[in-house]
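Good morning, and thank you for making time for this presentation.

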Amino acid sequence: MFGSIGMPLVDPVLFSRMLKHRGSYVDTIKGADISLTTVSRLPGRIFKDPELMVAYTGSPSVEGKQVSMAADLAELHALGKLDAPDALNGHYCIALVDIPKQQIRFLRDNIGVNTLYVTRIGRGLAFCTEYKCLRALPGFDRSIDLEAIKGFERTGWVPSGLTFFSQVKPVLPGKWSKVSYEDNSFPSEAASSITPAIADAFVPVEVVADALLSAVERLGADQPPAVGIMLSSGVDSALIAELVARSMKQITVKSFTVGHNGGDPEIEGARLTALALGLEHHELFLEPSEFSRLLPEAMWAMENPGGYDEYPCLFGLCEMAGLHVDVLFSGNLSDTLFGGMNFHTQLWKSLNGRPTDEESAPNGSLTILKGAASGTHATLRTRSPSHGSLHAELVATMDRRDERMGAQEMLAARFGIDLRMPYADTHVVRTAMRIPDAQKVNDKGNKLILRQASAMFLPEEIVKRPKRIQQLMYDSAMRTWLLTTFDLLFNSAAAQKRDVYDYENLALVREELVREVTRSSVQNAWKAISIETWLRMFADEEHFARAITDESVKPEAVFSPASP
């Protein structure tokens, strides 16, 4: 979806070409100073009458029924059935243009699976599913938001409400945002929490099972002919795979896993799950050297960097899946809802007076940017509880609303895949967040109630199998690729001309990785490489112009040999 208001009308052909991976149906509507274009896998995503223009992406549902046409959204809007964001479910973005009032309203799904970005050029406003299209507009302000980059350095994700461009903002998920044509503002309404402040005393396991089954059935109501699942070794994706297979009995569900060769527990666990469930299984083995291609292509697809080595791996998985399926289900968000991370277990132990295991995390004090507090050598630190209950920790995480869910949708969309995430269903989220801590974590394990729900559908060996994080090994091969790429980027004239880096701290990052391969040293190097790669691809005019002209990313141009 692309739109511009109060600007010289742009040629929709350019933007439909840049979004062509999102489908073959291109619809455009032009008004006096308004242009709307949708590119989708199905027709009817755009509508206009004398007073209203509507465009949307994704698959919204109202009162349990999936919306299939923009005209239906216009009718529901006229009846007042879209006024409350809670009235909609699914993954979607909606733009409503009120022509008489000269106002536009935006709405994204509660979790932010579908992305939508806004920029201002002069007194005009433009918005798009992918901000590379906004970057291509004449007069675009290329100013960099250094505070956003610093936030990325601290956490590994761009902070909520920001991008690396100071004049590009995401529409925040979960609440209608209203902007007048010429008020020169950005949509900034913060969404209210969709999670209860206090958990229930007890939630029956059947309620969880029913919520997930209903979510899968809603997301699969169109009965797509070729369906897949991102399959890990754990119970989260296995449960979704089984529910998808049950609700789409006429097809064989395909599963896709990525990892390293030679005893990867994720690969081995997923293989056993696929065999037990009768899935058509596909595996992708990656080496760090392949990131020279995968990293820039993944960043071009997802735009906001984040996720360390996970996102080029997921890009490779989606690339493989795109050869086989049109729709891909994911088990993502389950760990956040049901307390599945090791940190959640350690928090529960700390709050309940049990001995904890030290969990190391990258030191956020080291920055490679100028003008920040001086860094010291990066070390490992132990997280301490910041909330008085596991429920409070999970609520805070769910209310963060950065773009990490949308990043996965964009990786899949690059290959024409419709990504569907049942755990991001609003009803599933609310159900999960009603569950008290005691039903999620205890001294015997985590995700307790989800495992109980899974036992209603899955074999015992899958239910009890622990989940491992999907990533490659942090070993000498990873160090070799990181150091080679680091030197290519930061010894170049392009990096030195930016005058944004603290080269003493860059040297510390490199020295740490040379000395020892740890999670901290790898992730500090990843963040530095990600920042410079993004700047080359999106901020540098030459690289960006080449990418949109060729309609592809040339990794050899991004990772060019270092200049003296």
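Arg-401 sits in the loop that joins α12 to α13, the latter covering residues 404–413. Please bear in mind that we are looking at a predicted model. The phi angle of Arg-401 is positive, at about 55°, although this residue is not a glycine. Is Arg-401 buried or exposed? Its relative accessible area is 9%, and buried means under 20%, so Arg-401 is buried.

Lys-447 is not a glycine, yet it has a positive phi of about 50°. Its place is the loop between α14, residues 426–433, and α15, residues 448–454. Lys-447 has a relative accessibility of 2% and therefore counts as buried.

Let me turn to another loop residue, Arg-22, which is found between α1 (12–18) and β2 (25–30). Arg-22 is buried as well, with a relative accessible area of 13%. Which residues is Arg-22 in contact with, once its neighbours within four places in sequence are left aside? They are Val-39, Ser-40 and Arg-41, then Thr-129 and Glu-130, and finally Glu-409, Met-410 and Ala-413.

How many of the 10 residues of α11 are buried? Seven of them are, and the helix is thus mostly covered. The buried residues are Phe-343, His-344, Thr-345, Gln-346, Leu-347, Trp-348 and Lys-349. The cover over these buried residues includes α10, at 334–338, and α12, at 390–398. Asn-342 itself is partly exposed, with a relative accessible area of 41%. Between the C-alpha atoms of Asn-342 and Asp-357 the separation is 9.2 Å, and these two residues are 15 apart along the chain. Just after α11 comes Gly-353, where phi is positive at about 70°.

In α5, residues 205–219, we find Val-207. With 29% relative accessibility, Val-207 counts as partly exposed. Not counting residues up to four places away in sequence, Val-207 touches Thr-431 and Arg-434. From Val-207 to Gly-112 the distance is 24 Å, C-alpha to C-alpha, and the two are 95 residues apart in sequence.

In α6, residues 235–247, we find Ala-245. This residue, too, counts as partly exposed, at 24% relative accessibility. Ala-245 and Arg-414 are separated by 169 residues in sequence and by 25 Å in space, again from C-alpha to C-alpha.

Of the 21 residues in α20, 20 are buried, and the helix is accordingly described as mostly covered.

With these places in view, I come to the chain as a whole. The protein chain has 22 helices and 19 strands. Its radius of gyration is 23 Å, while the globule rule gives 24 Å for 564 residues; because these values are close, the chain is as compact as a globular protein of that length. Along the principal axes, the C-alpha atoms fill a box of roughly 65 × 65 × 45 Å.

What share of the 564 residues counts as buried? The figure is 59%. Turning to contacts with a separation of 6 or more, 72% of them are made by residues 24 or more positions apart.

I close with the surface and the charges. The protein chain exposes about 21,500 Å², and carbon and sulfur atoms supply 52% of that area. There are 58 positive and 70 negative charges in the chain, and their mean positions lie 1 Å apart.

Thank you for your attention.

Conventions: Residues are numbered from 1 along each chain as its sequence is written. This is a predicted model: local features need pLDDT of at least 70, side-chain atom pairs count only at pLDDT 80 or more; totals for chains, interfaces and linings use all residues. Side-chain values use heavy atoms; hydrogens and water are left out. Buried means under 20% relative accessible area, exposed over 50%, partly exposed in between (1.4 Å probe, protein chains only). Helices (H or I, at least four residues) and strands (E, at least two) are DSSP runs, numbered from the N terminus. The radius of gyration is taken over C-alpha atoms; the globule rule is 2.2 Å times the number of residues to the power 0.38. Contact means heavy atoms within 4.5 Å. Accessible areas come from the Shrake-Rupley method with a 1.4 Å probe; for residues, only the protein chains shown count as cover. Lys and Arg count as positive and Asp and Glu as negative; His and the chain ends are not counted. The place of a charge is taken as NZ of Lys, CZ of Arg, CG of Asp or CD of Glu.
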